[in-house]
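Welcome, and thank you for taking a look at this structure.

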Amino acid sequence: MTADVVISGGGPNGLLLACELRLGGVHPVVLEKLPERSTVPRANGLVGRVLEALDHRGLYEPLAGRPGPPDPTPFFTFGGLQLDLRNLDPNPLHTLLVPQARIEQVLEERALELGVEIRRGHELTALRQDADAVTLDVSGPEGGYRLRARHLVGADGGHSLVRKQTGIGFPGITDDRVTSRAAHAVVPEALLAELAGRGLPPFFHNRLPGGSFTYAQMPHRPGVHIVSVTEGDHPPVPDGTPMTLGELRDAAHRVLGTDLALVLGEPPASDAGPPMLRRTTGVNSRQADTYRSGRVLLLGDAAHVHSAMGGPGLNLGLQDALNLGWKLAAEINGWAPPGLVDTYESERAPVSRRVLMHTRAQSALVAPGDNITALRELFTELLGDTGTLRRIAALMAGTDVPYGRWLSTAPVPGLLWRARPALLTSTGDGRAAAVAAGWKDRVDLVPVPRGPGPVAVLVRPDGYVAYEGDASDGLREALTRWFGDER
Ligand SMILES: Cc1cc2nc3c(=O)[nH]c(=O)nc-3n(C[C@H](O)[C@H](O)[C@H](O)COP(=O)(O)OP(=O)(O)OC[C@H]3O[C@@H](n4cnc5c(N)ncnc54)[C@H](O)[C@@H]3O)c2cc1C
C-alpha cells in the first residue's frame, strides 16, 4: 500500500500539518521515533501571528484556557531592548506563555480526534525516491519494515535525517562560543528586590558585561521563575557532563556578581517530567537550500534553525504547516493548479530569512563590548520613532509577510475551523456566487451582511485573502490560480 503522505516527526509542526491534511480529506501517517511525548522543556510560549492563526482553527482556547481572539501585548523585547507597544495602533504583537509540552499535547489530541494515524516508537532510518513514490525504511517496536508514500514531509527537527538523505544543503552559521544555562527555579524575594533595584527587570534579556541574564515568573506557578544565563567565550564543558543547579549559580555569579540562592522549582502535577535544568552550547542559524526535492518536503526546524531570542520558532514553523497543509491536500485531491505546492517555498522561505536576520541582529545587540553598547544607544533612539517601532513589532510578530492581506478576525465565527477556502459574498448580491459556481465543490460560499467593504472576499484556508473586489474583474483568475480549474 502507498500512503498519500508520511510525515516524519511528531513534534508541534508535524502534528499541526497532520491536522491540516486531515481537514483537507487526506490520511497522513505520522512516524515519531519517541515512544512517548517529549517532556524536555523547550519553548515557553508562542509569539506573533500564529496565535490568531491557531484561533482560526479553534486551537487558541485550549492553549490559553480562554476564548480568542488573543489580545496584543503591551511590552516586548528586541535584543534586550524594551519595545513599549502601548501606543502602537494597531499593535500586531500577540504573546502567550504556554510550555511546548502543552502545545504538543493539544495538537496531538486534535490530530487523534481528526483520525490521524500516529505511529509512536517508529523511526525513519532511510529513504529513496523514484518517479512514483518515496520508499521509507522504518524501525518500529516490532522490527523494521518498509513503507511507500506519494509524498514525504520531513518535520524531524534541526538534525533532520530527511533533509540530509535528500541531499538538501543547510547553509548558515554556528556560533560555538555561546553557552546558555537555564532552570525553573525558586528565586528568593530578597533577590528579586535586589535585581529590580539594579535595574534588571524580569522578562528581559538583561545585558551585562560578562553575558546576559533573564528571569521570568512562570504562569500558574507562584514563586517559580525561569532563570537563564548566557555567556560567550567561556571554556566549553566536556561532553556528557551533567548539568547542575550549581553550574547555573556559578554562571549567574560570573555574570551578575551575586550569589543566586536558587532552589529547583518542582513542575506542577500536570507537567510530566523532572524540573527543567538545561545547558545549551552553540547557536545554529541555518536555512535549507530548498524546501522541496521531488516528492520530499521540509517543514519547521528541519527547514530552518536560529537562536530562540524573541521566541520566533513556532510562529514560523506552525505557519509553515498552515501554508503547506491545504496546498499538499489539494495536490493529493487532484485539484491543485500547477505550481501550487511550490508556492509553499516561495511564500515561506522569505519569512524564514527574515527570522534568521532578526535573531542574528538580536544576538549582535546582546553581545559584549563598548561598540555594541553604542549600537544599543542608537537603537534605543530609533525605537522612539513610531515608524521604527511599528517595523520591529511587525518583524517580531511575523506580520510583514509579503504574500497577501491577512484576515485577522474571521467575520463569521468558525469560518476557517475546517480549513476550507471561503468566498465571502455580500447578502443579496449574486455576482460572486455566479462566477464561483464552477468551484462550489472546493470553495464555500459564505454570505455576510452587506457593508462598506468589497462585495466579494476570497480567503485561502491559511487565512490570507486571495481576492477582494466587486467580482466583475479578477475573481475568476484568483479562483483558478489558487483552487484550480472550474468544474
Ligand atoms: C531551548 C529552546 C527554547 C525555545 N523557545 C522557544 C519559544 O519560546 N518559542 C518558540 O516559538 N520556539 C522556541 N523554541 C523553538 C521550538 O522549540 C522549535 O522551533 C520547535 O520544537 C520545532 O518543532 P518541529 O516540530 O519542527 O521539530 P521538533 O520539535 O524538533 O520535533 C521533531 C520530531 O521529530 C522526531 N524525529 C526526529 N528524527 C526522526 C526520525 N528519523 N524518525 C521519526 N521521528 C523523528 C523527534 O523525536 C521530534 O519529536 C525553542 C527551542 C529551544 C531548543
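By class, eight nonpolar, twelve polar and seven charged residues make up the shell around the ligand. In this sorting, Ala, Val, Leu, Ile, Met, Phe, Trp, Tyr, Cys and Pro count as nonpolar, Asp, Glu, Lys and Arg as charged, and the others, Gly among them, as polar. Before going further, please keep in mind that this is a predicted model, in which local features need pLDDT of at least 70 and side-chain atom pairs count only at pLDDT 80 or more, while totals for chains, interfaces and linings use all residues. Residues are numbered from 1 along each chain as its sequence is written, and side-chain values use heavy atoms, with hydrogens and water left out.

Let us stay with the ligand for a while. Of the 27 residues around the ligand, N13, E32, Q100, D301 and L314 come nearest; a residue is near a molecule if one of its heavy atoms lies within 4 Å of it. Backbone atoms also reach the ligand. A backbone N or O atom of L314 is 2.7 Å from an oxygen atom of the ligand, and for a backbone N or O atom of G311 the distance to a ligand oxygen is 3.2 Å. A polar backbone atom of G313 lies 3.5 Å from an oxygen atom of the ligand. How much of the ligand's accessible area does the protein cover? On its own the ligand has 1000 Å² of accessible area, and the protein covers 85% of it, with areas taken from the Shrake-Rupley method with a 1.4 Å probe and, for residues, only the protein chains shown counting as cover. The elements that give two or more residues to the shell are α1 (12-23), β2 (28-32), β8 (123-129) and α8 (313-333). Helices (H or I, at least four residues) and strands (E, at least two) are DSSP runs, numbered from the N terminus.

The structure holds eight aromatic pairs, where rings of Phe, Tyr and Trp (its six-membered ring) pair if their centres lie within 6.5 Å, and planes under 30 degrees apart count as stacked, over 60 as edge-to-face and the rest as tilted. One of the pairs is formed by W326 and W482, which is tilted, with 6.3 Å from centre to centre and 55 degrees between the planes. Which parts of the chain does this pair link? W326 is in helix α8 and W482 in helix α13 (residues 475-483), distant parts of the chain that are 156 residues apart. Both W326 and W482 are buried, a word that means under 20% relative accessible area, with exposed over 50% and partly exposed in between (1.4 Å probe, protein chains only). W326 and W482 belong with W335 and F483 to one aromatic cluster.

The charged end of R460 sits over the ring of W482, 4.5 Å from its centre, and the charged end of R163 sits over the ring of F170, 3.5 Å from its centre. A charge sits over a ring if NZ of Lys or CZ of Arg is within 6 Å of the ring centre and within 35 degrees of the ring normal.

R442 is found in the loop between α12 (431-436) and β21 (444-448), and R442 is buried, with a relative accessible area of 2%. L395 in helix α11 counts as buried too, at 9% relative accessibility.

The backbone has some details to look for. The peptide bond from G68 to P69 is cis, with omega near 0 degrees, and P69 is in the loop between α3 (60-64) and β4 (75-78). Another cis peptide bond joins D89 and P90, with omega about 0 degrees; P90 is in the loop between β5 (81-84) and β6 (95-97). F203, in the loop between α6 (189-197) and β12 (206-208), has a positive phi near 60 degrees. Is F203 buried or partly exposed? With a relative accessible area of 45%, F203 is partly exposed.

Terms used. Polar contact = N/O pair within 3.5 Å; in protein donor to acceptor, adjacent residues only side chain to side chain.
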